[in-house]
Each structure stands twice: as C-alpha cells, then as structure tokens.
Amino acid sequence: MTAADSSLQAIRPPPPASLAAGRAVAGRRTLFLLGLALLLVLLLSLLAGRYPAPFWLSPTRLWQDPMARQLVLNLRLPRVLTACLLGMALAGCGTVLQMIFRNPLVEPGFLGVSQGAAFGAAFSILYLGGAPLLVEGSATFFACVGLALSYLLARRARYGGWILRLVLAGIAVSALFSAGVGMLKYLADPLTQLPGIVFWMLGGLWGVTWSDLLYLLPAVLAGLTVMMLMRWRLNLLSLNDETAFSLGAAPGRERALLLVAAVAATAAVVSVAGIVGWIGLLIPHLARRLTGAGAEKALPASLLLGGLFALVCDDLARTLLAGEIPLGILASLFGAALFLVMMLSKNIRVQR
Amino acid sequence: MNLTPSSGILSVSGLSFRYNGTGQAVLRDLSLEVPAGTITAILGPNGSGKTTLLRLLLGILQPQAGSIRLVGRSLDSYSPRERSRLLGLVPQEEHIPFDFSALEYVLLGRAPYLRPLEIPGEADRQVALEALRAAGLEHLQDRPLPTLSGGERQLVTIARALAQQPRVLLLDEPTAHLDLGNRGRVLDILRRLAAQGITLLLTSHDPGLAAAIAHQAVLLRAGQVVEAGPVEGVLTAERLSATYGVPVQVFQVEGRRVIITN
C-alpha cells in the first residue's frame, strides 16, 4: 500500500512553486487597492453633500467660497473621519470576535455591548439632560457594564463550555438591557425625549463635531492598534484551546486582551454614532472572501472595507434626501442586500 | 516501569490528579518512562484517564502530586515557547470554522519560533512546506481546509505539528475517525516519524492500533497503570480481558498481533 501510495504521488503533477508566493502578492495587491479606494472615497466625500447644490461641491468653488471651506473643514471633515473610524472599529471588532470565539456569526453587538450602550444613551437623555458628551459617556459606561455583566454571568454559569456560556450570557444581558430601553422609551416624554432616543438608536452621524471625534479617537486608535499588532495571533486563537496552548499561546490571556481592545473601540464609536448594525457581521466575511481566511491579511482588509462601507453609506445618508436618512437604516439595507448576494454566490468558489 | 530509564525523553513519576470539586481521583500514582524515538500507546477503556494524562503531559493541567520531566527538565520549568518547540500535539479532531488554506494552517505550527507579534516569513514557509511534504500533502497546500477529506485533514494536522519541529509528539486517538486506507496512511507516516527519531506518545481505546505500530504499551484502568512495557508483554489475552471487562482473544498472524472480542 505504501509503495502504491508514494508512486501515486510521483505521478501527480508537482504544484507550481510560485503558487503560494503568487497568492501572497495577490493579497498585498488587494490591500493596496482597498487602501487607495478608501483614500479616494475619503477625498470625494468631502465634496459630496447638499451645499451649495445637491450632491456635489466643485473644487473651484471650494477654493473661492469661504463658507464652503468652513463647511468642509468644520462639518464634513470630522464627520467623514468619524464615519471611516466607525466602519473600521465595527468591522475590526467583528473580525476579532469571530476569530476569538471561533464562530463566524458573532458580531460586535454580542456580549451586551450595543444594548448596554443604547440603554446608557436613553438613560442619559431621560434623566441626565442629554448633553452630547454626557450621552456618549453614559453609553460607553453602560456598554462596559454590559460586557462585564456578560463576563461575570458566564463565569458563574454552570452549563456547557466557556464559549457557549459567554454567548448565552451575552444574549441574556442584551435582552435585559433592551427591556430596559423599552421601559425608558415608555417613560420618555413623547415630544421632547422620545425622538432623541429613537434617533440615537437608529444610528447616525449627524452633528458630529471635532470634539466628538476627539472623544472617540483614543479608544478607537488604541483598539485598532492592538488588533493590528496581534493579527497573526488571531489565527492561532481560532484553534481550539488545547492546540493553541500546545503552540505556546496563552489562549485565555490573549483572547481577553483582544476582547478588551475590540470592545473599547466599539463602545467608543457606538456612543457617538448610535447603533449601526451589519457592518461588524458582514464586512469580515467579505474581507475573507477577498484575501483568504488568514487574519494577517483578512483583518487589514476588513478594516479598509469597513471604513469604505461606512463612508459610502454615510455619504448617501446625508446627500440622497434633503433631510438626513439614519445611517443605521442604510447600513442595514445595503448590508443585508450584500449578505444575500454573498449567500447566493457561496458555491461559486474556485477550487484548485 | 522497566523501560531503560536512562534514555527517557519524557518521564512521569508518581502522578496523581483530581479535578477540583469532584472527589474521585482521575489518575493515581502513575509512573511512566518513554524512551526517545519510540512509539508508546496509552490504552484503556473510555474514562480510564487517557485524555487527562495527555492534558497533564501537555502542561494544560497541573497535577496535585508527582512530576513530569521533559528532556531531563521539569515540565514546569519551560517557558511556553521553549516547551512548544519540544512538544507538539495532534488533537483528536480539530474543528476550525474558517477557510484557512492547508499551508496557512500548517504555518501556525511555526508560532513557537516567532518573536511576539512577528508574522511568519519565507524561512517558516519553507519549513511548513517541508512538513506538508512529509505528510504527503504538498499538492494540497492551497486547498481550503473544509474541502479536505477526513484523512487528509488528519494528515494536515500532523503536518502542522511537524512544523513545530518537536522532539515529542502527543497524539490523541490519531486514527479514531479514519477509514482503513487513511488509517494505513497515517500509521505509515507515524512509523516514519519514529524512525526519524521523533518520540510518539498516542492514546487509543483500540488495542489493535497499539499492536500495529507501538513499541510500548501502557494499559490504564480507572486512573491506574494495569500493565506497562513492550507490547508483547502487555497485549495479552489475559490482561486485555481484565482491563476491558470482556473476553478478548489475541492471535498471531504472520508475526503480527490480531485482537478480537467475541
């Protein structure tokens, strides 16, 4: 049997040696093109809008009109940068959570983070006056409370493995907070407070200022940096615990570090932008399609794609109609549509 | 145990372990000496403590009593990186929910040789390709793992452990899910690895596997060693019957042992 086996292998044509190297180059080219596209869209986004006329501000006008310059520098620039960071944080967080929980269906709202933030925002609008920074602070605080509760609950639970317990705890805590949000909505003054809560929960970047951007920047940058530095380790952490351990990893500690980084970045952007769904679930899948599953390429691709997707959605949200469409609605619309297309094309994968 | 103690690359003495909470000891006063470059099979019925022993040898679990020595040093004294350069694991079934290519997966075996946060480079790629070649899978390097057959996946897992360039390889039920052909392929590669000087320690609930490739066998029952030594002495009808609790017969067919139950 042995002899037959090895002779079979001798008959098989040897693989071209450059194939793997060719794939590495292709991966790098994909990342380069995505980066270029993001840069281009960032610049174009500064010109897109409804001043002076719908859709487009010409560069010459920008040069001559001081009002247009003010608008671009003080309103559009912080908003465009925030949209980009929002997409990056959510998509990066999605990739990280999917890999450390070994489950491609996990997304940043998982573990009570989004619902906790929503509760915090609603609470501060109702009882603390609703000043923007206060809403953001309260949302961040309750997002962390959501995470901590999920974690402690999973630690105490006596059922199933660690990951299953975390998932169940996350579901339970999210449900608690969303019941709380429902209660706050019921108690809110329908004319003054309820619209604020509803708009916050729809998700959007209207009225984002430089101070909002500065508020979320440290947490997002720190979170993204940790993710990027540990991007190859993510592959290792997607193995089961014993194998990761046998390869010299400290699965518990490394997962905890990445989890904190991912949730910090998410809580910061959610506190400013409200709940924007789908990006954290969809973009990591799309990125893996483009570059392969290895997170050393899939994570950067996910960050770039996330930024791109959020930016385009936000551009459409503020230019399509005279009034603004909530970003959360557009992101869900395009996200779900794209997801459907991906599901239907799942089987069309080239296999060598 | 009487297996030339001086050459032991992995030695265990007086090992006892119980999971906290449950009072029952999983392993009791277990001693074991594994000579370099040999294949040792840990045999025993389900629940006899095989998997727990493997987890102790890996360092995931800490024993309450006894010591484990790897290449002459206490297992505790190694850093995770040092340890993982000497000791590899082939788990029973590796469930990976992402579409890594075979090569990407095997490259994970290079982790013990990378600086913290380093990404594997060309030299690591060459070692990984070499490991794939040793498992006879070079032609599958670009295939996503989910498209591989069960046997191919087990071989890729072995290749991933080989990319660690370990001195000792622990294998948990290496042929449990395989059909006859794949089982033969895996055994063939394991024999070759032992011939190259890698020490193999495998668990199995199937004495037939030990009869096929092991030099030594250790029979475990309820956390204690029933018998240990060269396979000829351990895999006897009498001992197997006593350990598994059913009548077992052992035949010699063309110099090999065949084990059957009625």
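Figure 1. The space within the largest cavity amounts to about 60 Å³. Rolling a probe the size of a water molecule over the atoms shows where such empty space is left.

**Figure 2. Residues that line the largest cavity.** The lining includes E242(A) from chain A. From chain B come T51(B), L54(B), R55(B), L58(B), L89(B), P91(B) and D172(B). Helix α1 of chain B, spanning residues 50-58, gives the most to this lining, with four residues. By class, the lining of the largest cavity comprises four nonpolar residues, one polar residue and three charged residues.

**Figure 3. The interface of chain A and chain B.** In the predicted model, 37 residues of chain A are in contact with 46 residues of chain B. The size of an interface is often given as the accessible area lost when the parts come together. Between them, chain A and chain B bury about 3600 Å². Carbon and sulfur atoms account for 62% of this buried area.

Figure 4. Two salt bridges are found across the interface of chain A and chain B. A salt bridge joins the side chains of K297(A) and E104(B), with an N to O distance of 3.6 Å. On the side of chain A that touches chain B, the elements giving two or more residues are α1 (2-11), α2 (18-47), α4 (66-100), α10 (231-237), α11 (241-246) and α14 (295-319) of chain A. This side of chain A has 14 nonpolar, 12 polar and 11 charged residues.

**Figure 5. A salt bridge within chain A.** Over all chains, the count of salt bridges comes to 17. R79(A) and D314(A) form a salt bridge in which the closest N and O atoms are 2.7 Å apart. The pair links distant parts of the chain, with R79(A) in helix α4 and D314(A) in helix α14 of chain A. In the chain, R79(A) and D314(A) are 235 residues apart.

Notes. Residues numbered from 1 in each chain as written. Chains lettered and ligands numbered in written order. Predicted model: local features only at pLDDT ≥ 70, side-chain atom pairs only at ≥ 80, totals over all residues. Heavy atoms only, no water. 1 Å grid on protein atoms, 1.4 Å probe; cavity = no way out; pocket = protein on both sides within 12 Å on 5 of 7 lines; lining within 4 Å. Points joined across faces, edges and corners; volume = space filled by probe spheres on them. Nonpolar A, V, L, I, M, F, W, Y, C, P; charged D, E, K, R; others polar. Contact = heavy atoms within 4.5 Å. Buried area = accessible area lost by both parts, 1.4 Å probe. Salt bridge = Lys/Arg side-chain N within 4 Å of Asp/Glu carboxyl O.
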